[in-house]
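Subject: Structure for your review

Dear colleague,

Please find the structure below, together with its sequence. My findings follow it, and I would be grateful if you read them with the coordinates open.

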Amino acid sequence: GGNSGGDVSGGSGCGFVKDINGKGQGAKGEGVALMILLIIILAGIALRRIIAELKMRRAFSALIKGLCFFVVMVLLAQAAACGGGNGSGSSDSSNSSSGGSGGDAGAPDSCQGLPWRLVLGTSGPDTSWTVATAKNGDVLFAATEGQSLATDIVLRRLSTDGKVLWEGRWDSGLSDEAFVVTEASDGVIWIGGMRRTGNVLDLNTTAVLLRFDGATGAVIGNAWTWDSGGWDEIDGVAVDSGTVFVSGWAQGQSGSQELRVYALNAANLSVIWQKSLDSNGLDAGNGHLVLWNDVVIVGGSWNSSGILAQAQGIVAAFNRSDGSEKWRKYVGDGTDYREILGLSSDGSRIFATGWRKVTLTDWQLMLWAFDSSGSMLWESEWGGSSNERARALGYDPADNTLLVAGTTNRDSNDDIVLLRVDSTTGAVREEKVWGGQSGDSAQQIAVAGNRLYVAGATRSWGNGNSDALAMGVCYRPWKLPSTN
């Protein structure tokens with residue numbers, strides 16, 4: 001869930017802005033003092049005129065002037081309370097929805113400080129797979145940066161206008177990658193990902209779970225890991241009531257990959273329960289994880305012989321307390337390749353996004369909705385004869401829509417596509433395609449009221465090869481960064 005994340009307070013219409021550290025600041029005290037002095041001077045002049053009218057027995061004229069004096073004083077007092085008009089931002093009337101879920105900021109959202117684009121990285125193959133909002137509205141942006149054989153996990157805390165507040169880094173000495181980031185209620189930031197045991201061609205990896213101090217970005221303790229002897233990674237993390245829920249994939253007993261889910265004690269990282277789903281083919285919990293009522297929902301792919309072959313998409317629900325499987329549903333009949341990657345919920349339905357392979361050069365962006373028992377409510381797709389895919393999904397309760405971020409190459413190079421989708425029918429309401437001269441992609445989003453934060457990669461800007469891309473976008477109304 002997102003946070004309200006707004007920078008402009010509502011109620012009286014007075015300007016109230018945040019500085020880069022999130023601290024509120026009003027108008028300058030000098031402006032208030034001058035306004036009060038002006039009120040006193042005008043009050044003296046007005047009272048003299050009213051007394052003069054009364055002495056001349058012009059009661060009606062005195063009454064009219066008294067009323068005018070009262071109105072002027074009210075207006076001046078409100079101006080003084082608002083700091084003499086010195087606020088640095090204003091709220092767009094079309095952006096009044098608080099939106100999001102679980103946010104601590106009480107003010108209505110605005111698009112102040114948006115849009116923005118932040119490109120970060122080295123001369124190596126840098127990228128970002130994940131972004132989230134913190135409890136106070138800040139943006140948590142995790143990236144994989146460095147050279148091919150020695151990438152690091154880099155976590156940055158950003159202000160809502162895209163300024164870097166701090167940076168934290170984890171380096172195992174090998175090649176490390178981050179796939180998911182989230183903040184717990186105590187302010188600890190959790191990152192799931194993997195580290196390679198050797199070079200980029202090595203198919204033996206180790207799943208890693210990291211903790212960072214939310215105030216400083218310092219790494220907390222040691223990484224929690226699993227290593228099945230095959231390909232291991234963590235793609236889903238959620239924290240609730242002292243329990244950390246983790247999902248991903250690992251080598252199963254059959255020797256192929258399996259979908260794997262853990263519940264851990266957040267204090268000491270001991271395992272509470274662990275469950276696996278294994279078709280004896282290639283299975284992957286490479287989708288996101290969401291907590292919903294009393295279950296943990298995980299998405300991925302099922303019973304594949306490889307990405308160039310066939311697979312069904314899978315969404316499965318596990319009991320939070322003991323990990324017992326409550327239900328699972330598949331999408332597709334196994335004659336094409338499908339994956340369920342992005343997940344979100346409105347409290348009564350589960351929404352999912354992913355893709356299906358039509359041909360090697362034609363992938364379709366897919367969307368699904370499920371009820372509380374896993375029954376499919378609808379399925380829809382978006383795209384043409386080119387490659388469209390998505391793994392980023394969020395829900396906007398303000399107008400009952402889904403926000404989707406994906407990638408399309410319909411204009412030859414990869415571009416980022418942003419969709420607003422009717423959550424009742426799956427129909428696309430709006431679409432925006434954004435990109436530069438080279439390839440750009442979106443991997444994750446965080447929804448915060450009218451704000452949409454996007455994580456991905458770009459070859460259009462940066463230090464060469466690919467670079468990590470973070471964007472702040474307003475989507476009510478649409479405001480996207482310049483592509484110049």
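Two strands are taken to pair if DSSP finds at least two bridges between them. Please note also that this is a predicted model.

The hairpin of β6 and β7

Strand β6 covers residues 150-158 and strand β7 covers residues 164-170; the two run antiparallel and are joined by 6 bridges. Within this pairing, L158 stands opposite V164 of β7. The hairpin has 5 residues between its strands, and in it G162 adopts a positive phi near 90°.

Salt bridges

The structure contains 24 salt bridges in total. In general terms, side chains of opposite charge can pair when their charged atoms come close.

Because R157 belongs to strand β6 and E183 to strand β8 (residues 176-183), the pair ties together parts that are 26 residues apart in sequence. Both E183 and R157 are buried.

A further salt bridge links D336 and R338, with 3.2 Å between the closest N and O atoms. Here, too, D336 is buried, as is R338.

The salt bridge of D346 with R349 brings the closest N and O atoms to 2.7 Å. Are these two residues buried or partly exposed? D346 has a relative accessible area of 25%, so it is partly exposed. R349 counts as buried because its relative accessibility is 15%, and buried means under 20%.

Finally, salt bridges link E145, D152, R156, E167 and R169 in a network.

The surroundings of N413

N413 lies in strand β27, which spans residues 413-422. With a relative accessible area of 32%, N413 is partly exposed. Which residues does N413 contact, leaving aside its neighbours within four places in sequence? They are T408, Q437, S438 and G439. Of these, S438 is 25 residues from N413 in sequence, while the C-alpha atoms of the two are 5.9 Å apart in space. As for Q437, its backbone oxygen lies 2.7 Å from a polar atom of the N413 side chain.

With kind regards

How values were computed: Residues are numbered from 1 along each chain as its sequence is written. This is a predicted model: local features need pLDDT of at least 70, side-chain atom pairs count only at pLDDT 80 or more; totals for chains, interfaces and linings use all residues. Side-chain values use heavy atoms; hydrogens and water are left out. Helices (H or I, at least four residues) and strands (E, at least two) are DSSP runs, numbered from the N terminus. Buried means under 20% relative accessible area, exposed over 50%, partly exposed in between (1.4 Å probe, protein chains only). Contact means heavy atoms within 4.5 Å. A polar contact is a pair of N or O atoms within 3.5 Å; within protein, one must be able to donate a hydrogen and the other to accept it, and residues adjacent in sequence count only if both atoms are side-chain atoms. A salt bridge is a side-chain nitrogen of Lys or Arg within 4 Å of a carboxyl oxygen of Asp or Glu.
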